[in-house]
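Hi everyone, thanks for coming. Let me put the structure up, and then we'll walk through a few backbone details together.

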Protein chains: 2
Amino acid sequence: MLWERAREPHAHRWSLPGGGLGEYEDVETSIRRQLAEKVDVRQLSHVEQLAVFSNPARVPGPRVVATAFLGLVPSHIDPVVPSDTAWHPVDALPATAFDHQAICRRARSRLASKLSYTNLGFALAPPEFTISALRSLYSAALGYKVSATNLQRVLSRRGLLEPTGGTVQPGPSGGRPAALFRFASGEMRITDPFAVLRPPSTRSLGP
Amino acid sequence: MLWERAREPHAHRWSLPGGGLGEYEDVETSIRRQLAEKVDVRQLSHVEQLAVFSNPARVPGPRVVATAFLGLVPSHIDPVVPSDTAWHPVDALPATAFDHQAICRRARSRLASKLSYTNLGFALAPPEFTISALRSLYSAALGYKVSATNLQRVLSRRGLLEPTGGTVQPGPSGGRPAALFRFASGEMRITDPFAVLRPPSTRSLGP
DNA sequence: CCACGTTTTCGACCGATAGGCGAAAACCTG
DNA sequence: CAGGTTTTCGCCTATCGGTCGAAAACGTGG
């Protein structure tokens with residue numbers, strides 16, 4: 001989500017939302033406050049620090065140090081945005097101001113990584129979804145096609161996916177009705193990455 | 001590596017090295033400069049941003065926003081440090097100033113994660129090492145015992161480990177001489193995390 | 001100099017996981 | 001009802017990591 005700068009420097013270029021840090025807030029509170037001017041913050045499903053961008057020349061004039069964030073909104077949310085603000089596909093960004101394109105690249109890379117080895121998917125998905133819809137989300141975020149079979153199996157084995165019982169009617173071209181799933185309640189927080197070298201034989205205990 | 005504060009606030013408590021950001025440097029240049037006062041920066045094998053700590057109350061008095069870094073030094077390096085500075089085991093830190101204990105916890109957690117799913121091990125290891133020594137390094141950094149057999153196999157399969165041909169003589173208690181290894185040249189940079197949902201069948205191409 | 005303990009190394013087996021494929025299920029349209 | 005479409009599911013295979021135990025290669029003490 002970018003907004004078009006009206007004034008110099010970099011007038012008419014697209015810019016990430018943000019602003020100065022208030023005296024009595026931390027950076028996460030600040031970015032949520034800044035974002036509230038553009039979109040309802042209650043719609044944010046995930047916010048995490050990305051990195052500090054501090055090149056002295058990243059903006060003209062006096063030094064500005066930026067703490068960049070990755071913020072996610074579920075796919076079923078289509079927030080109303082001000083007239084100077086619009087959504088853009090991350091693979092086809094317009095001319096951006098300052099180093100905001102680099103920031104977007106970092107965010108995209110972070111998102112792709114975390115989608116692979118955490119359960120962050122719940123932050124992108126609507127409350128209920130079909131496997132096909134989830135596959136589209138993952139493919140778009142990762143930048144390559146993922147197999148629906150595999151996606152369902154991997155997420156199911158991790159205990160993240162549970163069927164709602166409902167189905168959706170097929171489109172006009174036919175096809176089998178798709179089953180609806182949701183992310184398992186209690187799994188709506190970020191898990192640690194799946195360790196490769198695990199502690200010895202602390203096998204998960206049965207019920 | 002901590003240094004003992006001489007002055008209030010938090011006099012006599014142990015503190016992470018650091019300092020103010022200069023006008024014409026970015027944060028990484030700054031932390032390397034600050035660190036140079038404590039230890040030869042050429043000994044640093046890895047430096048990466050950790051997170052921004054910005055709680056308005058994290059230090060008394062005027063607001064201080066800190067960009068925390070994770071910095072690694074190979075295990076065979078034992079840098080000479082100033083008299084007010086000393087190394088401490090991360091599992092048994094002394095009383096620390098401000099939020100520096102939380103920063104250390106974050107750094108430890110980040111190190112453990114990255115050791116598992118990247119090739120960051122090269123930043124901790126000396127140029128040549130035995131599997132046992134590497135196992136000790138990984139165990140200490142991760143906080144739990146890892147299997148020497150597994151460690152060697154995992155790293156070998158990733159193509160990170162190559163034998164030097166040399167061996168070390170066994171200690172006074174005997175035992176088979178241990179073979180020496182090094183990290184494969186060209187693998188001394190951080191790889192991306194190993195994706196769980198990979199792009200479809202881009203099988204690694206043969207020679 | 002030989003039996004024994006110690007440390008390292010290596011092979012074998014097993015379970016879990018992920019990728020790939022194709023058949024079957026369940027729907028639409030004409 | 002035939003043919004096309006989309007989803008779902010089961011099977012097979014490759015790889016990876018955990019575990020175990022045997023073998024290798026050393027030192028020491030009797």
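Let's start with a sheet in chain A: an open one of 3 strands, in the order β2-β1-β5, with antiparallel pairing. The edge positions belong to β2 and β5 of chain A, each with a single partner strand, so one side of each has no neighbour in the sheet. Strands here are DSSP runs of E with at least two residues, helices are runs of H or I with at least four, and both are numbered from the N terminus. Two strands pair if DSSP finds at least two bridges between them. In general, it's backbone hydrogen bonds that pair the strands of a sheet, either parallel or antiparallel.

How many bridges join β1(A) to β5(A)? There are 2, and the strands run antiparallel. W3(A), for one, sits opposite T85(A) in β5(A).

A quick word on the model: it's predicted, so to speak, with local features needing pLDDT of at least 70 and side-chain atom pairs counting only at pLDDT 80 or more, while totals for chains, interfaces and linings use all residues. Residues are numbered from 1 along each chain as its sequence is written, chains are lettered from A and ligands numbered from 1 in the order written, and side-chain values use heavy atoms, leaving out hydrogens and water.

Now the loops. In chain A, P9(A) lies between β1 (2–4) and β2 (14–15), and a cis peptide bond joins E8(A) to P9(A), omega about 0°. In chain B, the bond from E8(B) to P9(B) is cis, with omega near -5°.

Finally, F98(A) isn't a glycine, yet its phi is positive, about 55°. You'll find F98(A) in the loop between β5 (85–86) and α2 (100–117) of chain A.
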